[in-house]
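Here is a short briefing on a ligand site and some backbone features. Please look at the sequence and the structure first.

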Amino acid sequence: MRVNGKEYRTIWFENNLVKIIDQTKLPHNFIIKELETVDHAVNAIKTMEVRGAPLIGATAAYGIVLAIKENNNFEFIKKSSEKLVNARPTAINLQWAVHRMNNKLSFIKSEDLFDVALKEAEEICNEDINFCESIGLEGFKIIQKIYKKKKNKVNILTHCNAGWLATINWGTATSPIYQAHKKGIPVHVWVDETRPRNQGANLTSYELNEEGIPNTIITDNTGGILMQRGEVDICIVGTDRTLSTGDVCNKIGTYLKALAAYDNNVPFYVALSSSTIDWETKDYNNIPIEERNSEELSHIEGKDDKNNIRKVLIYPENSKSMNLAFDITPAKYITGLITEKGLCKASTPDLKKLFNK
Ligand code: MRU
């Protein structure tokens with residue numbers, strides 16, 4: 001997608017280095033950062049310079065490439081794989097990508113490891129781009145249907161950033177929006193700010209602006225009244241892990257939005273590629289929910305009137321705070337899952353049928 005009119009992917013390999021867009025600097029600064037070692041990749045995932053389930057999976061795949069470049073000894077690759085998997089706990093894509101890389105590398109001669117790993121990491125990225133594009137074409141049909149009935153601008157609510165910045169390109173939840181916009185359907189996006197890290201305001205609104213898509217940032221508590229007033233036609237969100245039961249784990253606050261949508265008969269869709277499906281875990285209480293530093297709540301960063309980026313404390317100094325990063329939306333509140341293979345109900349039989357499991 002575009003930044004200042006130029007096409008970018010979120011991650012790529014160039015001159016023997018991995019290049020990323022440092023998302024902690026957006027929206028005020030667009031900075032491309034180089035990752036030279038596997039520890040750089042682990043750190044980029046932990047500090048959320050890269051974030052979003054598909055993108056952290058891709059970064060982990062490139063992390064393996066960087067590990068092999070440093071030392072192609074089996075023990076080093078194994079330790080590096082563990083560090084990458086443990087960098088963040090909730091998105092299943094990390095495990096998925098590291099397992100896929102290691103499977104590909106087993107029985108490969110040491111002198112070929114680097115080339116095979118690089119090819120597989122590229123394959124993971126290209127596949128994600130194609131899957132996200134297919135999700136867009138599938139989700140477009142839903143938006144088109146609403147437009148045909150309403151004959152007026154379609155208002156879409158999204159949470160966090162499941163946009164191209166969370167994937168390699170297109171995004172999951174935003175991909176249908178980009179397709180609708182390209183095909184001339186008037187759309188407007190309600191962008192949940194997504195406290196505490198503000199991925200909605202800082203990233204989703206930013207990327208929609210770059211593509212010229214009308215959007216309005218709202219606080220995380222505003223969606224409910226907008227739905228009551230009939231100002232939301234559809235919700236589309238992403239996911240960090242979807243169980244085969246159809247239960248969806250996504251950024252904290254997704255569940256409350258799904259409840260409000262359910263109460264107001266607003267269709268609530270989750271967009272995902274198959275790399276985000278956890279076929280093993282059956283009970284959503286067993287999903288590890290990331291708890292991040294409480295400083296992400298107590299401090300806020302922004303640009304002052306002299307254009308300096310500053311971080312300030314906004315809470316009473318002695319107050320305690322808690323920062324759970326994800327929640328679960330049970331399948332019963334989900335209208336449908338938009339996947340690269342098509343649309344399905346959030347249920348075990350439908351998911352299994354769609355993915356031939
Ligand atoms: O903590 P983040 O910013 O990595 O969380 C991202 C999300 O919750 C996204 O909705 C999810 O990863 C879907 S990405 C297409």
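In which loop is the place of P196? P196 is in the loop between β7 (187-192) and α7 (199-210). Helices (H or I, at least four residues) and strands (E, at least two) are DSSP runs, numbered from the N terminus.

This is a predicted model: local features need pLDDT of at least 70, side-chain atom pairs count only at pLDDT 80 or more, and totals for chains, interfaces and linings use all residues. Residues are numbered from 1 along each chain as its sequence is written, and side-chain values use heavy atoms, with hydrogens and water left out.

**Ligand contacts**
- The ligand is surrounded by 19 residues (a heavy atom within 4 Å).
- R88, Q199, D240, N250 and K251 are the closest.
- Polar side-chain atoms reach ligand oxygen atoms from N250 at 2.7 Å, from R88 at 2.8 Å and from D240 at 2.9 Å. A polar contact is a pair of N or O atoms within 3.5 Å.
- The protein covers 99% of the 420 Å² of accessible area that the ligand has on its own (Shrake-Rupley method, 1.4 Å probe).

**Site and shell**
- The ligand sits in the largest cavity. A cavity is a set of points, on a 1 Å grid over the protein atoms alone, where a 1.4 Å probe fits but cannot get out. To sit there, more than half of a molecule's atoms must lie within 2 Å of the grid points.
- α2 (53-70) and β11 (248-251) are the elements that give two or more residues to the shell.
- Domain 1 (2-127) and domain 2 (136-354) each supply at least three shell residues. Domain bounds come from an automatic or database domain assignment.
- The shell has seven nonpolar, eight polar and four charged residues. Ala, Val, Leu, Ile, Met, Phe, Trp, Tyr, Cys and Pro count as nonpolar, Asp, Glu, Lys and Arg as charged, and the others, Gly among them, as polar.

**Backbone**
- Most residues other than glycine have a negative phi, and most peptide bonds are trans.
- The R195 to P196 bond is cis, with omega near 5 degrees.
- The L26 to P27 bond is also cis, with omega near 10 degrees. P27 is in the loop between β4 (17-21) and β5 (32-35).
- N265 has a positive phi, near 55 degrees. N265 lies between α9 (254-263) and β12 (268-271), in a loop.

Note on methods
A polar contact is a pair of N or O atoms within 3.5 Å; within protein, one must be able to donate a hydrogen and the other to accept it, and residues adjacent in sequence count only if both atoms are side-chain atoms. On a 1 Å grid over the protein atoms alone, a cavity is a set of points where a 1.4 Å probe fits but cannot get out, and a pocket is an open set with protein on both sides within 12 Å along at least five of seven lines; lining residues have an atom within 4 Å of a point.
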